[in-house]
Amino acid sequence: MTKNKKPFSFTNVMKSVVLAATIVAAIMPCKASAQNNFTIDGTVSPGLRDVKYYIYYSNHPHELGELTDSVDVKQGKFSYAAHLDVPRFINLRAIFDDGSLCSAWVNTVAVPNQTLKLTVKNGFFDADGSEFYRQMDEADKFYEACIKPLEDLGEQIQKVQAIEDEAERSRKENEMLEIATAVNEKYRDSMLEYIKENNDKPGAMIRLCMSSFQDVYKYVRNSVRKEYIDPLFAEVIKQMEEQKEHKKQLEEVAKETSEGCMYKDIEVEYNGKKQRLSDYVGKGKYVLVDFWASWCGPCRKEIPNLKAAAKKYAKKLTVVGVATWDKPEDTKKAIKELGIEYPQILNAQQIGSDAYGIIGVPEILLISPDGKIVARGLRGKQIDDVIAEQLK
């Protein structure tokens with residue numbers, strides 16, 4: 001999701017459409033044929049000032065896209081008509097009287113042969129129009145209600161993570177894990193039921209695909225996929241296929257670095273200094289390697305276990321962190337916050353993950369003094385158990 005956007009809401013979608021409405025109306029009101037027209041009819045409530053909007057067309061639901069034109073709302077009325085062969089994402093940003101741009105931008109979907117009717121109010125929009133947009137509105141209301149327990153859960157988890165007492169925080173985290181499991185299951189069940197009941201409604205399916213494409217797409221009826229979803233989400237589908245292919249490649253690489261295989265050396269340069277795993281492996285000690293990131297909660301949770309291992313087995317074990325998919329400044333901040341004293345390979349980004357076929361962090365592995373990988377995917381108490389077994 002784009003960082004400068006709030007989660008999708010149909011009121012925001014409506015705002016984007018307002019912008020689109022005025023634009024093409026001023027540009028090509030006579031050139032657009034009736035066939036395959038996307039149209040908007042809008043009314044601005046009394047007391048709201050007229051503004052100018054920029055309009056962008058995008059190939060992705062969460063990217064601003066390419067600037068196409070601008071449009072003025074005049075005397076509280078606007079209308080828009082555009083000839084489209086396939087559905088398109090439309091994004092819009094307001095331009096204020098002083099020429100400044102609104103920092104937020106909103107998006108909706110323009111669909112051939114569909115009409116959107118808007119009433120612009122102070123801070124939100126009432127939307128009506130053709131069946132497609134009624135479906136979209138209905139799906140949005142369902143989704144907002146469905147996702148709210150997850151949003152509330154996220155706020156509770158943040159409060160728990162802020163608890164300073166480690167024992168109390170750990171106890172609360174375990175409690176939250178059970179709650180989170182139940183909330184997630186209810187969310188998935190509700191979503192699946194709604195999707196199966198409405199998988200022939202293009203407006204509803206597009207709305208849900210904008211929030212959770214991979215979870216929704218496989219359940220959409222083929223006819224809706226072909227006419228609406230596939231052309232609209234072509235770029236998303238392409239990226240998804242590329243991700244699948246990359247995951248397959250990583251899985252093959254992971255086999256080459258599985259237990260019993262020789263470790264792969266990596267080389268990372270940061271601030272003019274090169275660091276390698278071979279700086280630590282093959283020096284007479286076992287090496288416990290932690291591929292981690294500062295933003296990763298489970299990674300942070302394993303740090304006490306790694307620190308304990310580094311202290312307990314200091315004579316025969318070296319612990320090394322490999323900062324993966326992380327900004328060096330964020331890694332350094334986390335090192336200080338967590339009191340990490342064992343060495344770190346900073347700014348590894350994807351170098352280590354590509355070498356070891358890692359698709360998620362933390363990935364903790366133990367390497368013997370002769371360079372063979374003893375174990376992968378270590379977590380919690382297992383870390384100490386495996387090291388103790390090797391050193392006995």
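Visitor: Where is S130 found?
Guide: S130 is found in the loop between β8 (125-129) and α2, where helices (H or I, at least four residues) and strands (E, at least two) are DSSP runs, numbered from the N terminus. This is a predicted model, in which local features need pLDDT of at least 70, side-chain atom pairs count only at pLDDT 80 or more, and totals for chains, interfaces and linings use all residues. Residues are numbered from 1 along each chain as its sequence is written, and side-chain values use heavy atoms, with hydrogens and water left out.

Visitor: And does S130 count as buried or exposed?
Guide: S130 has 18% relative accessibility, so it counts as buried; buried means under 20% relative accessible area, exposed over 50%, and partly exposed in between, with a 1.4 Å probe and protein chains only.

Visitor: Which residues is S130 in contact with, leaving aside its neighbours within four places in sequence?
Guide: With those neighbours left aside, S130 is in contact with Q114 and T115, contact meaning heavy atoms within 4.5 Å.

Visitor: Now the core. Which residues of the largest nonpolar core touch the most other members?
Guide: They are M191, I206, F213, I229 and F233, out of 50 residues in that core. A nonpolar core here is a set of buried Ala, Val, Leu, Ile, Met, Phe, Trp, Tyr and Cys residues joined through side-chain atoms within 4.5 Å. Helix α4 (residues 202-217) supplies the largest share of this core, nine residues.

Visitor: What is I206 in contact with, beyond its neighbours within four places in sequence?
Guide: I206 is in contact with V109, F132, Y228, I229, L232 and F233. Apart from this core lies another one, of 47 residues, which includes L288, F291, L317 and V320.

Visitor: Let's move to the sheet. In what order do the five strands run?
Guide: The open sheet has the order β13-β12-β11-β14-β15, with mixed pairing, and two strands pair if DSSP finds at least two bridges between them. β13 and β15 are the edge strands, each pairing on one side only.

Visitor: How many bridges join β11 to β14?
Guide: Five bridges join strand β11 (residues 286-292) to β14, and the two run antiparallel, with V289 opposite L365 in β14. On to strand β15 (residues 373-375): β14 pairs with β15 over two bridges, also in the antiparallel sense, and I367 stands opposite I373. β14 and β15 form a hairpin with five residues between them, and G371 in the turn has a positive phi of about 95°.

Visitor: Why is β14 said to be largely enclosed?
Guide: Five of the five residues of strand β14 (residues 363-367) are buried, so the strand is largely enclosed by the rest of the structure. In a regular strand the side chains alternate between the two faces of the sheet. Both faces of β14 are covered, with E363, L365 and I367 buried on one side and I364 and L366 on the other.

Visitor: Which residues does the cis peptide bond join?
Guide: The cis bond joins V361 and P362, with omega about 5°, and P362 is in the loop between α9 (351-356) and β14. Most residues other than glycine have a negative phi, and most peptide bonds are trans.

Visitor: What about the phi of N347?
Guide: Phi of N347 is near 65°, a positive value in a residue other than glycine. N347 lies in the loop between β13 (344-345) and α9, and its 22% relative accessibility means that it counts as partly exposed. Q349, in the loop between β13 and α9, has a positive phi of about 50° although it is not a glycine.

Visitor: Last topic: what volume does the largest pocket have?
Guide: Its volume is about 840 Å³. The largest pocket is lined by 27 residues, of which R169, E173, G297, R300 and K301 lie nearest its centre. On a 1 Å grid over the protein atoms alone, a pocket is an open set of points where a 1.4 Å probe fits, with protein on both sides within 12 Å along at least five of seven lines, and lining residues have an atom within 4 Å of a point. Grid points are joined across faces, edges and corners, and the volume is the space filled by probe spheres set on the points.
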